[in-house]
Amino acid sequence: MPRRPTLEFWFEFASTYSYLAAMRIETLAEAAGVAVRWRPFLLGPVFAAQGWTSSPFNLYPAKGRHMWRDLAREAARLGLPPVVRPESFPQNSLAATRVAVHGAEEPWIGAYVRAVYAAEFAQGQSIAEPAAVSSILNGLDLDGPALIRASTQEPVKSRLRSIGEEAKSRGLFGAPSFLTEDGELFWGNDRLEQALAWAVGERPAGLR
């Protein structure tokens, strides 16, 4: 079989638009003949480097109000369950992200990512506590307590820090972001289809 191009999917569990992208990327990538590389990371350090102390959707209330309405529209358009806003936003996603870093190459990574997002934005649940993440893993017939323990070991912590530095060095400033093999960066859920097209060699007329 010919080798499939790979698209890196950089996502943050606290990101609403990463939620939309995560719920559909595998289906679209499979149809396009593209492999997905799951790249979980934390946006907090990226925002801090830009001088932000919180999500811009909190720092700019009008933007935040629009985002939640837009999220509800997009979820309905994509056939996702109605959005349920969690009590805290953005949530502390450290525990969930560590598990994703630990399992990024495992066959269950896609199902896990979708389950975390569904709990957070379709059910309004907290994902901040390790126990909540463990419960999500158990619901996927995985060993939640064992994976939580593994994800808190120093190699995983170190890997997550390195991923954060990589994100900054590669010019990422938000999530979701998509990086093609030739280094082209696409930002935002609404750029997913364009990123997949670029990954397979399609280019807009007049652009190289």
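**Close-up views of a predicted model**

Figure 1. Elements covering the buried residues of α5 include α1 (16–22), α4 (56–59) and α7 (109–122). The model shown here and in the other views is predicted. On α5, the residues that are buried are G64, M67, W68, D70, L71, E74 and A75. An α-helix has 3.6 residues a turn, so residues three or four places apart point the same way. After α5 comes G79, which has a positive phi, near 80°.

**Figure 2. The nonpolar cores.** The largest nonpolar core is made up of 45 residues, and F13, Y112, V113 and F178 have the most contacts inside it. Helix α7 supplies the largest share of this core, eight residues. Leaving out residues up to four places away in sequence, V113 touches F11, F13, A22 and W38.

**Figure 3. Packing of helix α6 on α7.** Helix α6 covers residues 94–102 and packs with α7 at an angle of about 170°, the two axes being 10 Å apart. Angles over 145 degrees count as roughly antiparallel, and α6 and α7 are therefore roughly antiparallel to each other. At the contact, A96, V99 and A100 of α6 meet I109, Y112 and V116 of α7. Sorted by class, this contact has six nonpolar residues and no polar or charged ones.

**Figure 4. Glu120 in helix α7.** E120 is a residue of helix α7. Its relative accessible area is 0%, and since buried means under 20%, E120 is buried. Apart from neighbours within four places in sequence, E120 is in contact with F13, A14, V84, P86, Q91, Q125 and I127. R159 lies 39 residues from E120 in sequence, and their C-alpha atoms are 25 Å apart in space.

**Figure 5. Glu26 in helix α2.** E26 belongs to helix α2, which runs over residues 25–32. With a relative accessible area of 33%, E26 is partly exposed. Residues up to four places away in sequence aside, E26 touches W38, G110 and R114. V36 is 10 residues from E26 along the chain, with a C-alpha separation of 7.0 Å.

Figure 6. Most residues other than glycine have a negative phi, and most peptide bonds are trans. The bond from F89 to P90 is cis, with omega near -5°; P90 sits in the loop between α5 and α6. A175 and P176 are also joined by a cis peptide bond, with omega about 5°. The location of P176 is the loop between α10 (154–169) and β3 (177–179). D141 is a residue other than glycine with a positive phi, near 65°. It occupies the loop between α8 (130–139) and α9 (144–151). The relative accessibility of D141 is 74%, so this residue counts as exposed.

Conventions: Residues numbered from 1 in each chain as written. Predicted model: local features only at pLDDT ≥ 70, side-chain atom pairs only at ≥ 80, totals over all residues. Heavy atoms only, no water. Buried < 20%, exposed > 50% of the residue type's maximum accessible area, 1.4 Å probe, protein only. Helix = DSSP H or I, 4+ residues; strand = E, 2+ residues; numbered from the N terminus. Contact = heavy atoms within 4.5 Å. Core = buried A, V, L, I, M, F, W, Y, C linked by side-chain atoms within 4.5 Å. Axes fitted to C-alpha atoms, helices over the stretch in contact; angles between N-to-C directions. Parallel < 35°, antiparallel > 145°, perpendicular 65-115°, else oblique. Nonpolar A, V, L, I, M, F, W, Y, C, P; charged D, E, K, R; others polar.
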